[in-house]
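Subject: A structure for you to look through

Dear colleague,

I am passing on a structure that I would like you to open beside this email, and I have written down below what was found in it. Please keep it on the screen while you read, so that you can look up each place as it is mentioned.

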Amino acid sequence: MFLDWGSITSFYGQLLHGAWLTLVITFSAFALAIAVGIVVAAGKMSAVAPLRWLASIYVEVLRNTPVLLQIFIVFYGLPSLGLRLSAVTAGILGLGLNVGAYLGEIFRAGVVAVPKGHREASAALAMSPMQTLVWVVAPVALRAIFPAFSNMFIATILGSSLLSVIAVPELTGRTNEISARTFLTIEVYSFSTVIYLALTLGSSLGLLLLGRWLFPRASRV
């Protein structure tokens with residue numbers, strides 16, 4: 001049997017539309033994850049013990065159970081509580097909550113990595129806690145966590161493929177649909193692989209350039 005590469009040209013549009021939805025899901029879920037991560041990091045560093053416990057439990061549960069199971073709970077479980085979400089919204093919520101647990105630990109590690117002397121210097125300058133956070137802690141922490149932060153964004157792109165199991169027509173979902181309909185399995189999946197590589201490698205390059213722009217001195221080390 002010969003591979004029919006020419007036939008997939010009629011499906012380019014559908015696959016590219018799936019790639020576009022993959023990006024929409026990725027950016028939406030990652031934005032949610034950043035917000036969740038900030039709350040989780042603040043909770044884990046809180047002086048209030050119950051908040052630390054809740055944040056720790058959240059991180060341990062979300063990081064030690066399958067993300068696919070979490071997506072199922074959001075998509076299939078919430079309707080039983082009266083909250084019915086579309087497949088795309090449920091996927092974004094499930095993926096964002098999962099990635100947020102990882103980002104919470106990354107953010108916390110970044111803040112902890114800031115030398116104590118930096119805070120002492122800001123106190124000596126009579127800076128307020130908010131000024132210290134914005135102008136002293138955040139820049140140093142962001143530089144320390146940026147590689148891990150970037151890796152989590154790439155992982156979110158790849159993790160979005162799991163939403164195909166709840167019928168979200170992102171890139172993997174579109175690929176499965178076209179393959180089942182046309183039996184052009186190798187051709188369609190190979191083309192989708194190329195698209196995923198373009199998305200991840202392009203994002204990696206963009207994040208690398210962003211890191212060099214944000215941290216010019218670090219890029220010359």
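From the N terminus onwards, the elements of the chain follow the order α-α-α-α-α-α-α-α-α, and the count is accordingly 9 helices and 0 strands. Please bear in mind throughout that this is a predicted model.

The chain has 221 residues, of which 39% are buried. When contacts between residues at least 6 apart in sequence are taken together, 77% of them join residues at least 24 apart. The chain exposes about 12300 Å², and 73% of this area is supplied by carbon and sulfur atoms.

Next come the places where helices meet. Two packed helices are described by the angle between their axes and the distance between the axes, and I give both values for each pair below.

Let us begin with helix α1 (residues 12-44) and α2, whose axes come within 7 Å and cross at roughly 130°. An angle over 145° would count as roughly antiparallel, and 65 to 115° as roughly perpendicular, so α1 is oblique to α2. The crossing of these two helices, α1 and α2, is left-handed. On the α1 side the contact is made by Val-36, Val-40, Gly-43 and Lys-44, while α2 brings Leu-51, Arg-52, Ala-55, Ser-56, Tyr-58 and Val-59. Sorted by class, the residues in the contact of α1 with α2 are 6 nonpolar, 2 polar and 2 charged.

Helix α2 (residues 49-63) also meets helix α4 (residues 87-112), and here the axes come within 9 Å and cross at roughly 125°. The pair α2 and α4 is therefore oblique as well, and α2 passes α4 in a left-handed crossing. Tyr-58, Val-59, Leu-62 and Arg-63 of α2 make this contact with Leu-97, Asn-98, Ala-101, Tyr-102 and Glu-105 of α4. The residues in the contact of α2 with α4 comprise 6 nonpolar, 1 polar and 2 charged.

A further pair is α1 and α7, with axes that come within 7 Å and cross at roughly 155°. How are α1 and α7 oriented to each other, roughly parallel or roughly antiparallel? Angles over 145° count as roughly antiparallel, and α1 and α7 are therefore roughly antiparallel to each other. In α1, the residues Gln-14, Leu-15, His-17, Gly-18, Ala-19 and Thr-22 meet Leu-171, Arg-174, Thr-175, Ile-178 and Arg-181 in α7. The classes in the contact of α1 with α7 are 4 nonpolar, 5 polar and 2 charged.

Leaving out residues up to four places away in sequence, Val-36 touches Tyr-58, Leu-97 and Gly-100. With Gly-100 in particular, Val-36 shows a separation of 64 residues in sequence but 5.0 Å in space, C-alpha to C-alpha.

Thr-156 belongs to helix α6 (residues 129-159), and its relative accessibility of 1% makes it buried. Which residues is Thr-156 in contact with, leaving aside its neighbours within four places in sequence? They are Thr-26, Ala-29, Phe-30, Leu-95 and Val-99.

Pro-115 sits in the loop between α4 and α5 (116-124), where it is partly exposed, with 38% relative accessible area. Pro-115 and Val-140 are 25 residues apart in sequence, and their C-alpha atoms are 9.0 Å apart in space.

Lastly, two residues deserve a look for their backbone angles. Most residues other than glycine have a negative phi. Ala-167, although not a glycine, has a positive phi of about 70°; this residue lies in the loop between α6 and α7 (171-182), and Ala-167 is exposed at 63% relative accessible area. Phe-183 is not a glycine either, yet has a positive phi of about 65°. You will find Phe-183 in the loop between α7 and α8 (185-214), and its relative accessibility of 68% counts as exposed, since exposed means over 50%.

How values were computed: Residues are numbered from 1 along each chain as its sequence is written. This is a predicted model: local features need pLDDT of at least 70, side-chain atom pairs count only at pLDDT 80 or more; totals for chains, interfaces and linings use all residues. Side-chain values use heavy atoms; hydrogens and water are left out. Helices (H or I, at least four residues) and strands (E, at least two) are DSSP runs, numbered from the N terminus. Buried means under 20% relative accessible area, exposed over 50%, partly exposed in between (1.4 Å probe, protein chains only). Contact means heavy atoms within 4.5 Å. Accessible areas come from the Shrake-Rupley method with a 1.4 Å probe; for residues, only the protein chains shown count as cover. Axes are lines fitted to C-alpha atoms, for helices over the stretch in contact, and angles run from 0 to 180 degrees between N-to-C directions. Angles under 35 degrees count as roughly parallel, over 145 as roughly antiparallel, 65 to 115 as roughly perpendicular and the rest as oblique. A crossing is left-handed if the near helix is turned anticlockwise from the far one by less than a right angle, and right-handed if clockwise. Ala, Val, Leu, Ile, Met, Phe, Trp, Tyr, Cys and Pro count as nonpolar, Asp, Glu, Lys and Arg as charged, and the others, Gly among them, as polar.
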